[in-house]
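Start by looking it over.

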Amino acid sequence: MAVTDLPLVAPDRKMSGFRPLKVLHHFGKLVEDKEDTEQVFHIIEATKGRRSHAQAHAFIRSDEGQRFMREGVDIPAMLDDHARWADCGPNSVAAHYIAFMKREGLSAAGLVAESHKWAPPESLPKDQTQWYFDRLRDTHDLFHVLTGYGRDALGEASLLGFSYEQNHNGGILFIAYAGARQIRKVSGTKAPLFAAIKEGRRLGRAAAKIAHQDIAALMREDITEARARLNIGKPEVYRQCLAILAGEGILSEDLTLGSSTPQPQAA
């Protein structure tokens, strides 16, 4: 069935509101392994509220949303088809995206598979609202590429601050601040981690909604021009934090939410 034939909201869709015990349980698992992306989906689902649904419905009803639904583009398949972007220039969004995904050993399909560990497709409501939430998931790694936030623990937390202002899910904001607190706890760093989250929020609030863009067209844009058009600023505080951490003897790739982050060495 085409997305345009689905109801806006399926009868079996439930708005979870905020479920703190569930959130804390799954954040604990994320602390154990920050790469366990499935836990993020659990937290997001346990905190979806009226604001995130209202944004979904407004976009679905918009001319652009209606067009994207009619086109029925499979975003993960499109992004993973690297040959499709072979004619794009070296400074295109596509070139930067492909380089990022190869460097990190990622695929758009892999993120989809992680989400399905949390909820198999057959268990999800069949409605246009789910199409929108899937779109948010499918564009996550484009957020990394366009903003410049890395996949280190602080980069992910700061990007979640950015994403909250784009998508308005309270669970995302919870993970951002709780993640920064955990990084400080295990590393003992003097870097202004919470300022990096605040900066991410400010940048996300100022930027155009990335998930609302024509993704195929965006991939072909020059990345500098795309950032300017979308009003995506530079994450300066985040970079300052990484420099301070490096000065303390903690490299970005060593950052973790767990107890294994190297402690700063005494002089």
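Exposed means over 50% relative accessible area, and buried means under 20%. The model is predicted.

Q: Which exposed residues does the face of H14 turned away from its buried side carry?
A: Helix H14 spans residues 223-230, and its buried residues are Ile 223, Ala 226 and Leu 230. Seen down the axis, these fall within an arc of 55 degrees, so they line one face of the helix. The face turned away from that buried side carries the exposed residues Glu 225 and Ala 228.

Q: Which residue caps the N-terminal end of H14?
A: Look for a side-chain oxygen 2.9 Å from the backbone nitrogen of Thr 224. That oxygen belongs to the capping residue, Asp 222.

Q: How many residues apart are Asp 87 and Arg 220?
A: The two form a salt bridge, with the closest N and O atoms 3.0 Å apart. Asp 87 sits in the loop between helix H5 and H6, and Arg 220 in the loop between H13 and H14. The pair links distant parts of the chain, and the separation is 133 residues.

Q: How many disulfides does a search of the whole structure find?
A: A disulfide is a covalent bond between the sulfur atoms of two cysteines. Cys 241 is buried, with a relative accessible area of 0%. Cys 88 also counts as buried, at 16%. The number of disulfides found is zero.

Definitions and conventions:
Residues are numbered from 1 along each chain as its sequence is written. This is a predicted model: local features need pLDDT of at least 70, side-chain atom pairs count only at pLDDT 80 or more; totals for chains, interfaces and linings use all residues. Side-chain values use heavy atoms; hydrogens and water are left out. Buried means under 20% relative accessible area, exposed over 50%, partly exposed in between (1.4 Å probe, protein chains only). Helices (H or I, at least four residues) and strands (E, at least two) are DSSP runs, numbered from the N terminus. The arc is that of the directions from the helix axis to the C-beta atoms. A polar contact is a pair of N or O atoms within 3.5 Å; within protein, one must be able to donate a hydrogen and the other to accept it, and residues adjacent in sequence count only if both atoms are side-chain atoms. A disulfide is a pair of cysteine sulfur atoms within 2.5 Å. A salt bridge is a side-chain nitrogen of Lys or Arg within 4 Å of a carboxyl oxygen of Asp or Glu.
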